[in-house]
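Please look over the sequence and the structure before reading on. These notes are meant for someone who has not seen them before.

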Amino acid sequence: MADRHSTTQGSQQRATRTGGDGPVTGGGGGGGGGGVSAMLSKLQGQAPNSTQFISFLALVISGGILLLLTGLTLTATVLALIVFTPLLLLTSPIWVPAGTLFLFAMAGFLALCGFGVAALGGGTWMYKYFRGRHPPGSDRADYARSRIADTASHFRDYAREYGGYIQSRVKDAAPGA
């Protein structure tokens, strides 16, 4: 019965402590004890719930596992360098030409893929243009085509004029021809 009475008294003390800035009843024990109990009550009010605790625990475990894997990776890399460096140095006359050949082969393959994509894009653009769907940039192509046609027309007219001028000069130079 004494335990139940002390539990009830403790819950009353907590109820009066969390009431904000009002008077704090019970506990204290003399000079300065009230500040510690106020700090403990604030900590209990900000204690994490079970979901936050589980997520923090998962974070700590996964961080530890990743740190362990990082250490193992670093150790394996250093050991591999120690073991394979002499082998790499002895076989380097083979690796340098093979690496160069591989580099040029990959560059050629990537260039081929790039040119293929560019040709496919250009072909698609031309298909849309000739079908009348007006792809992006078709107005520039129409403008360039009209400028080329105008220039060709002017050149043809100039050539006719100049050709006629030359014909008349030839007749003047050789009247019997």
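The points below go from the overall fold to single residues.

1. The model is predicted. Its secondary structure consists of five helices and zero strands. Along the sequence, the order of elements reads α-α-α-α-α.

2. Of the 177 residues in the protein, 3% are buried. The accessible surface amounts to about 15300 Å². Carbon and sulfur atoms hold 70% of that surface.

3. Part of the surface is a nonpolar patch whose members include Phe53, Ile54, Leu57 and Ile61. Ile65, Leu66, Leu68, Leu69 and Leu72 also belong to this patch. Together, the residues of the patch have about 890 Å² of accessible area.

4. Ile65, one of the patch residues, lies in helix α3, which spans residues 50-90. Is Ile65 buried, partly exposed or exposed? Its relative accessible area is 47%, so Ile65 counts as partly exposed. Patch members need over 30% relative accessible area, and the 47% of Ile65 is given above.

5. How many salt bridges does a search of the whole structure find? The search finds one. Arg145 and Asp142 form a salt bridge, and their closest N and O atoms are 3.3 Å apart.

6. Where do Arg145 and Asp142 sit relative to each other? Both are in helix α5, residues 138-173. Because they are three residues apart in that helix, about one helical turn separates them.

7. Arg145 is exposed, with a relative accessibility of 54%. Asp142 is partly exposed, at 27%.

Terms used. Residues numbered from 1 in each chain as written. Predicted model: local features only at pLDDT ≥ 70, side-chain atom pairs only at ≥ 80, totals over all residues. Heavy atoms only, no water. Salt bridge = Lys/Arg side-chain N within 4 Å of Asp/Glu carboxyl O. Helix = DSSP H or I, 4+ residues; strand = E, 2+ residues; numbered from the N terminus. Buried < 20%, exposed > 50% of the residue type's maximum accessible area, 1.4 Å probe, protein only. Patch = residues over 30% accessible without salt bridge, like charges linked within 9 Å, V, L, I, M, F, W, Y side chains within 5 Å. Areas by Shrake-Rupley, 256 points an atom, 1.4 Å probe, with all protein chains shown as cover.
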